[in-house]
Amino acid sequence: MLHTAGPLLTIDVSDRETRTDDVDDVLSSFVGGRGAATKLAHDRIPFDADPFGPENSLFFTTGPLQASNMSFTGRMNCTGVSPLTGGLLSSNAGGFLSRHFAATGYSAVELTGRSDDLLAIHVTDEGIEFEDVPELAGATTSEVGEYMAEKHGFGDEQLLVSGPAGENRVRFASIMTTEHRAFGRGGLGAVMGAKNVKCVSFEGDSAPDIDIDPIQMEVHREAATADDHPMKEAGTTSVTEYANHVSALPSYYFSELEFEGASDIGGGAVSDKKYKKGTCSQCAFACKLPTKDEETGLETEGPEYETVMAFGSNAGIDDVVSVMKSNDLCDELGMDTISCGDVISAYLAANDEFGNSDLIHDLVEKIAHREDEGDLLAEGVHRAADDLGVEDWTVKGLEFAAHDGRTLNGQGLAFATSNRGADHMYAEFYSKEYPLVSKDEAVDPTGLEGKPPLIVAKENYNAILDSGVVCKFSRDFMTEERIETLLDAEYDELMEIGAEVVELERHFNNQRGFDRADDTLPYDLPEFESALSEYYEERGWNDDGTVPEDSGVVSAD
C-alpha cells in the first residue's frame, strides 16, 4: 500500500527541544494525513488532556499524494483535541503549504508544550530554529506574513499562522496558511495560540521519493478540461440557489430554510466579484474565488458557500459585499467563518438585529479580541446559547454547516454521527441527496431508511481521502478504481483502514465521556433513534455509541 515516508518531528515548545521518531509502522498502516495523525494523537495525547494545556498536541501531516503532480492534492491535515468540542478533531486546509511541508522530509510534525514567550518556529530539512517574536503579539495573519517575508524571505504559502483570535483562545480560532486558507473547524488555532506559537514556517529540499501511478495524469487532465463544471466559475457558492430552491439553506439563525435574498449572495453574485482564477498547489480545477469590490476596494478570497450561509442567509444579510467583508475579517483575525457567523447569527436573533452589517463586522472584531459581548460569543454557540436565550444549534459543541438536515435527512443523521460534530465534510452525505451536485447515485433526501450503511461507507471513504490527502471536490473524478490504483491497495482494505480511523477518533472521545447522548440533533428526524442504532450496529459498536472493549483499537492500547 502506498504511504507517505519520513520520521515524526516532535517540537516541545516548553523547553525548546526537538526529537525525531521512526513512525513507519503507523504510516504503513494508516497511509498518512488524517489517518496517521489520528493514530499518533490517540496514542500520544492523554485522554484527559486540557485542550489549552501543554499536554495537548497538534499533529500536522501530509499524505503520499503530495508527492504527485495530480490535481486535488494541494491539502494537508492537522489533528488535536478541540477546545470547542472537547474531542479529538482533524481539520485540513488547501493552498500551497503541503509541498513546502513535505520538502522538509518529515511525514508528521507534533507541536506540544507551551512557550513562555511568543514564538515563531522555522522547520527545515537542516534543522529547527526558535525565534522570539514579541513584536507580533496581536498581529493579523497578513501582518505576520509581511514580517516573515521581510525578515526571512518566506512566502505566505510556507507559513502556519495563529491570528489574534488564536492568541485570545477564541474557541473556534483557525490556523491560517497561504493568507486565506484555513484549518478552520474546531478551534485548533486556539490550541496553537495557547502554546504561545504565532507562526511555523517550512522550507527544504528533501521531499520523499514516492512512486505514484501514471493514472494521476488522467485525473489531472480531466480536472483541467472540465470547463463546464459549475464549481470552476463559482466554487462552492454554485449550490446556493439550488439549496435555497429545495429548502436546505439555513436562514435567520436556523428559524427558516429559505432566504429571499439568496440570489444576491449566491453563485452569480460571487462570480460577479471574481476577478481572476484561484487554485491550490498542483490543481488545475481552480475552484477558488479571488474576489474584489471596485467601489470599496475590498479584495479577498471567497466567500465560499458555507460562509454565504453563516454570514449571509443565517444573519439575514443579502449584500454580497458585506459577506465578503465578514469573510475577510475572519481570515485576517484567524477564525472559522462557519462558527463565527453562526454565533453572531445567534446574537442577532437574541437582539432582533438580523441584517445589521455594521453590527456584524463590529462583533467579528470584538470576538477575536474578546472585548465586551465578544467575550461570550468567543465561547461558541453551545456555551453562549443559554445566556443569549436562543436554541443551541450545535452537535458536540460544533456549529452547524449548511445543507440543512431537516430537508436532507441523511445529512442530518451524518451531522449527529460525525465524531467532529455538525460538519458537512465528515460524511459529505449531502452530495448523495443533491442530485445536481455530483455524479454520485442520488438518494431520496426524505427519511433515513437504508442510509446508515451509506453514511458509514462515506465516512470511511472520506477518512481515506483525508489520509491521501485528496480534496473532497475530486468526487466527480476520483473513482473507487482510481483510488485503488493510486494507493496501490484493494478498495475493501482501504475502507477497513478508514473505519479504523473513525473508530480511533470515537474511542478517544469515549474516554473523554462522549457517548450516544452526544450523537443528537436540535430537531427531530423520522426514525432517528432506530437509524442511529443501525449505524452503531453497522460499525460494530455498542448501542450506547461506545467502542466495545474487545475491539482492535482497545486491545492495541
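Which residues are buried in H18? In this predicted model, the buried residues of H18 are Asn 409, Gly 410, Gln 411, Gly 412, Leu 413, Ala 414, Phe 415, Ala 416 and Thr 417.

## Helix H18 and its surroundings

Helix H18 spans residues 409–417 and is mostly covered, with nine of its nine residues buried. Its buried residues pack against several elements: strand S15 (394–395), helix H19 (430–433), helix H20 (451–468), H22 and helix H23 (528–539).

## Nonpolar cores

The largest nonpolar core contains 132 residues. Met 335, Ile 344 and Ile 367 have the most contacts inside this core. Helix H22 (residues 491–511) supplies the largest share of the core, eight residues. Another core lies apart from the largest one and has 26 residues, including Val 13, Phe 60, Leu 89 and Leu 160.

Leaving aside residues up to four places away in sequence, Ile 344 touches Phe 311, Ile 360, Leu 363, Val 364 and Ile 367.

S1 pairs with two strands. With strand S6 (residues 108–112) the sense is parallel, over five bridges, and Leu 8 has Ala 108 as its bridge partner in S6. With strand S2 (residues 17–21) the run is antiparallel, again with five bridges, and Thr 10 stands opposite Arg 19. S1 and S2 form a hairpin with four residues between the strands, in which Arg 16 takes a positive phi near 55 degrees.

Thr 4 is in the segment before strand S1 (8–12). Its relative accessibility is 2%, so Thr 4 counts as buried. Not counting residues up to four places away in sequence, Thr 4 touches Leu 27, Val 31, Gly 32, Thr 62, Gly 63, Pro 64, Ser 107 and Ile 210.

## The S4–S5 hairpin

Strand S4 (residues 76–81) and S5 pair in the antiparallel sense, with six bridges between them. In this pairing, Thr 79 stands opposite Ser 90 in S5. The two strands form a hairpin with six residues between them, and Gly 86 in the turn has a positive phi of about 80 degrees.

Why is S5 largely enclosed by the rest of the structure? Five of the six residues of S5 (residues 88–93) are buried, so the strand is largely enclosed.

## The cavity

The structure holds one cavity of 30 Å³ or more. The volume of the largest cavity is about 60 Å³. Its lining is made up of Thr 141, Ser 142, Asp 156, Leu 159, Val 161, Met 176, Thr 177, Thr 178 and Glu 179. Helix H4 (141–152), strand S9 (159–162) and strand S10 (175–177) are the elements that give two or more residues to this lining.

Sorted by class, the lining of the largest cavity has three nonpolar, four polar and two charged residues.

Most residues other than glycine have a negative phi, and most peptide bonds are trans. The following sites depart from that pattern.

Two cis peptide bonds can be described. One joins Gly 302 and Pro 303, with omega of about 15 degrees. Pro 303 is placed in the loop between strand S14 (299–301) and helix H12 (305–311). Another cis bond joins Gly 468 and Val 469, where omega is about -5 degrees. Val 469 lies in the loop between H20 and helix H21 (480–487).

Ala 286 is not a glycine, although its phi is positive at about 50 degrees. The residue lies in the loop between helix H11 (267–273) and strand S13 (290–292). Is Ala 286 buried or exposed? With 12% relative accessibility, Ala 286 counts as buried, because the cut-off for buried is under 20% relative accessible area. Lys 396, also a residue other than glycine, has a positive phi near 55 degrees. Its position is the loop between S15 and strand S16 (398–399). Lys 396 has a relative accessible area of 11% and is therefore buried.

Methods. Residues numbered from 1 in each chain as written. Predicted model: local features only at pLDDT ≥ 70, side-chain atom pairs only at ≥ 80, totals over all residues. Heavy atoms only, no water. Core = buried A, V, L, I, M, F, W, Y, C linked by side-chain atoms within 4.5 Å. Buried < 20%, exposed > 50% of the residue type's maximum accessible area, 1.4 Å probe, protein only. Contact = heavy atoms within 4.5 Å. Pairing = 2+ DSSP bridges. 1 Å grid on protein atoms, 1.4 Å probe; cavity = no way out; pocket = protein on both sides within 12 Å on 5 of 7 lines; lining within 4 Å. Points joined across faces, edges and corners; volume = space filled by probe spheres on them. Nonpolar A, V, L, I, M, F, W, Y, C, P; charged D, E, K, R; others polar.
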